[in-house]
Amino acid sequence: MCRITAAGKEAAVAGFLEEFPQAPQAGRDHPALRGCDGIAWADFPGCPAGVAALLRGLLDPVAASEAERVLCNVLMDGVFRLGPAMPAALPFLLRLAADPAVPVRAGLVEVLLVVAELSHPVDEDSEQAIRVLGSDRDRPERALCRAVFAEHADLVRGVLDDRTLPDGFAPDERASLLKVATP
């Protein structure tokens with residue numbers, strides 16, 4: 001299975017910061033990111049310390065696209081696996097996705113859709129699902145992400161009801177987000 005190593009994640013963050021040294025300053029005072037600097041991101045297994053810089057980079061119009069790409073790679077442990085830091089990053093992603101002024105807002109909504117889908121419990125009776133997605137016992141970040149979605153259900157509903165998003169939501173996407181946001 002495709003996995004991104006901790007060293008690969010560190011290198012990606014370093015490359016981003018080298019290419020966009022101004023980006024981490026962009027979101028310094030944005031209310032959606034209050035508290036992101038206080039999280040010890042590197043304490044999460046396989047997570048680099050630079051997550052806060054990537055989150056702030058999402059607010060830099062020049063760097064936002066690359067910040068989103070690198071952040072997604074950093075917060076995932078593979079194609080179908082949320083990384084251990086995703087639950088900690090999710091409140092910031094939700095608040096940023098709710099802000100129409102965020103340059104990559106539509107992309108963040110897509111990220112939220114993926115996280116929601118990957119947060120659903122896995123059928124423990126399905127060997128194939130366990131092989132591909134891992135068991136819920138081995139992947140506690142799924143339940144933690146569901147708890148974050150539920151805690152921020154008002155933001156989820158606000159994003160779902162926002163008519164300024166370009167593509168809207170397919171019924172299955174809407175259902176997936178509502179399901180994880182409903183305790």
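**Buried residues, contacts and cavities in a predicted model**

L33 lies in the loop between helices α2 (23–26) and α3 (51–57). Helices (H or I, at least four residues) and strands (E, at least two) are DSSP runs, numbered from the N terminus. The model is predicted: local features need pLDDT of at least 70, side-chain atom pairs count only at pLDDT 80 or more, and totals for chains, interfaces and linings use all residues. Residues are numbered from 1 along each chain as its sequence is written, and side-chain values use heavy atoms, with hydrogens and water left out.

L33 is buried, with a relative accessible area of 5%. Buried means under 20% relative accessible area, exposed over 50%, and partly exposed in between (1.4 Å probe, protein chains only). Leaving out residues up to four places away in sequence, L33 touches G27, L55, R56, L59, F92 and L96. Contact here means heavy atoms within 4.5 Å. L33 and A175 are 142 residues apart in sequence. In space, the C-alpha atoms of L33 and A175 are 27 Å apart.

Helix α5 (residues 86–97) is mostly covered. Eleven of its twelve residues are buried. Among them are F92 and L96, both of which touch L33.

Helix α6 spans residues 105–119 and includes R105. R105 is buried, at 6% relative accessible area. Its side chain makes a polar contact of 2.4 Å with the side chain of D162. A polar contact is a pair of N or O atoms within 3.5 Å; within protein, one must be able to donate a hydrogen and the other to accept it, and residues adjacent in sequence count only if both atoms are side-chain atoms. Beyond its neighbours within four places in sequence, R105 is in contact with A97, A98, D99, P100, D162, T164 and L165.

S176 is found in helix α10 (residues 171–180). With 8% relative accessibility, S176 counts as buried. Its side chain makes polar contacts with the side chain of E117 (2.8 Å) and with that of H120 (2.8 Å). S176 also touches A116, again not counting residues up to four places away in sequence.

The buried residues of helix α8 (residues 141–151) include E141, R142, C145, V148 and F149. These lie on the same side of α8, because they cover an arc of only 120° around the axis. The arc is that of the directions from the helix axis to the C-beta atoms.

The structure holds zero disulfides. A disulfide is a pair of cysteine sulfur atoms within 2.5 Å. The sulfur of C47 is too far for a bond, because the closest cysteine sulfur, in C36, is 12 Å away. C145 is in no disulfide either; the nearest cysteine sulfur, that of C72, is 13 Å away. C47 is buried, at 8%, and C145 is buried, at 0%.

A search of the whole structure finds two cavities of 30 Å³ or more. On a 1 Å grid over the protein atoms alone, a cavity is a set of points where a 1.4 Å probe fits but cannot get out; lining residues have an atom within 4 Å of a point. Grid points are joined across faces, edges and corners, and a volume is the space filled by probe spheres set on the points. The largest cavity has a volume of about 40 Å³. Its lining consists of L58, E68, L71, C72, L75, M86, L93, L108 and V111. Helices α4 (64–75), α5 and α6 each give two or more residues to this lining. The largest share, four residues, comes from α4.

How values were computed
1 Å grid on protein atoms, 1.4 Å probe; cavity = no way out; pocket = protein on both sides within 12 Å on 5 of 7 lines; lining within 4 Å.
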